[in-house]
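Dear colleague,

Please find below the structure that I am handing over to you, together with its sequence. My notes on what was found in it follow directly after.

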Amino acid sequence: MLGAVLAGCGGGAGAPDAGREAARMGTPAAPGSASATASAPAAGSPAAAPQAGAPAKPPTMAPGPGGLTPVFERAKQQTDKTVALTFDADMTSDQGPRAEGGEHFDNPALISTLRTLKVPSTIFMTGRWAEEYPDQAKSIGTDPNFEIANHSYSHHAFKSPCYGLPALDAAAARADVDRAFAAFRQAGAVNTVPYFRFPGGCYDDQALRVLSTAKVTAVQWDVVSGDAFAKDPAAVAEQVLAGVKPGSVVVMHCTRSAAPVTEEAVQQIVPELRKRGYRFVKVSELIGK
């Protein structure tokens, strides 16, 4: 199962249909505009009130045609040499026994390295991961260096087929999003943002409709790191360095057992991109451009 999980996270979901392509064309909602009102977090959502270390109102994109959830992949402002490193903290709802048996779905060394290197990052966390590692979720979610975004509760698919992941129906998928945000709150994470990454990166118009009432922006990526099950950190670093462009979003993983060389790759990626003049930002800064 975890193989399907991580293979999906960096694999993309095929060519978009017309609705999905239109949803991608949304623009950041300006504060105080009608679009901003439409895409503002609902009352009681993780971004409804200012939180320490996080933007008071994290920027979101205006809904697409027919109210479809907007999809962000890369900053439209493509001359500023900024890049967002994002890390999927994957754990499916049924992997508790494997964690009890000693399998590590976390990666404390990676988080420590990001702090040491002072790399602002966005962690796309599943609710199940937050429940398994509440102390780490709180530590990440109260550190201004990071923001926590929603990667579902169960890491089950919102569209089928999707790399062998079990599929959720519409009602279960919508509830899954809320359950993840609730798990973050329960862990004490406050630096949460109204962004969502589909498990496996798989979505269609129906999934975007299901998500529309959550008032989130769906965040994909334009650079696949290839860190899932990789054995050579230099190869991962090379793939990232070859793909990054101004405004890029890089997808990586915060799952020690199935992405064991990510931390070493980051140690190579960060200084090289800085040498090339890049500045690391969270996804919220890219969306706000």
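F229 is partly exposed, with a relative accessible area of 40%; here buried means under 20% relative accessible area, exposed over 50%, and partly exposed in between, with a 1.4 Å probe and protein chains only. The residue lies in the loop between β7 (223-224) and α10. From C-alpha to C-alpha, F229 and V261 are 8.3 Å apart in space, although 32 residues separate them in sequence.

Please note that this is a predicted model, in which local features need pLDDT of at least 70 and side-chain atom pairs count only at pLDDT 80 or more, whereas totals for chains, interfaces and linings use all residues. Residues are numbered from 1 along each chain as its sequence is written, and side-chain values use heavy atoms, with hydrogens and water left out.

The chain as a whole

The protein chain holds twelve helices and nine strands. Both are DSSP runs numbered from the N terminus, helices being H or I with at least four residues and strands E with at least two. Of the 289 residues in the protein chain, 55% are buried. Among contacts between residues at least 6 apart in sequence, 81% join residues at least 24 apart, a contact being heavy atoms within 4.5 Å.

Helix α11

Helix α11 covers residues 262-275, which is 14 residues, and reaches 20 Å from its first C-alpha to its last, close to the 20 Å expected at 1.5 Å a residue. That expected span is 1.5 Å times one less than the number of residues. Its buried residues are T262, E263, A265, V266, I269, V270 and L273. Seen down the axis of α11, these buried residues fall within an arc of 135 degrees, so they line one face of the helix; the arc is that of the directions from the helix axis to the C-beta atoms. As background, an α-helix has 3.6 residues a turn, so residues three or four places apart point the same way. The cover over the buried residues of α11 includes β2 (82-89), α5 (108-116), α10 (233-243), β8 (248-253) and β9 (279-280). Just after α11 comes G277, which takes a positive phi of about 95 degrees.

Helices packed against α11

The axes of α5 and α11 come within 9 Å and cross at roughly 15 degrees. That makes α5 roughly parallel to α11, since angles under 35 degrees count as roughly parallel, over 145 as roughly antiparallel, 65 to 115 as roughly perpendicular and the rest as oblique. Axes are lines fitted to C-alpha atoms, for helices over the stretch in contact, and angles run from 0 to 180 degrees between N-to-C directions. The crossing of α5 past α11 is right-handed; a crossing is right-handed if the near helix is turned clockwise from the far one by less than a right angle, and left-handed if anticlockwise. Here A109, L110, T113 and L114 of α5 meet T262, E263, V266 and Q267 of α11.

Helix α10 packs on α11 at an angle of about 35 degrees, with the axes 8 Å apart. This contact is made by P233, A234, V236, A237, V240 and L241 of α10 and by E264, A265, Q268, I269, E272 and L273 of α11. The crossing of α10 past α11 is likewise right-handed.

Helix α5

In α5, the buried residues are L110, I111, T113 and L114. They cover an arc of only 160 degrees around the axis, which puts them on the same side of α5. Their cover includes β2, β3 (121-125), α7 (134-141), β4, β8 and α11. After α5 comes K118, whose phi is positive, near 55 degrees.

The loop between β4 and α8

P161 is found in the loop between β4 (146-150) and α8 (170-187), and the peptide bond from S160 to P161 is cis, with omega near 0 degrees. S152 lies in the loop between β4 and α8 and has a positive phi near 80 degrees, in a residue other than glycine. At 0% relative accessibility, S152 counts as buried. H155, in the loop between β4 and α8, has a positive phi near 55 degrees and counts as buried at 0% relative accessibility. H156 lies in the loop between β4 and α8 and counts as buried at 14%. Leaving aside neighbours within four places in sequence, H156 is in contact with S93, P166, L168 and P199.

With kind regards
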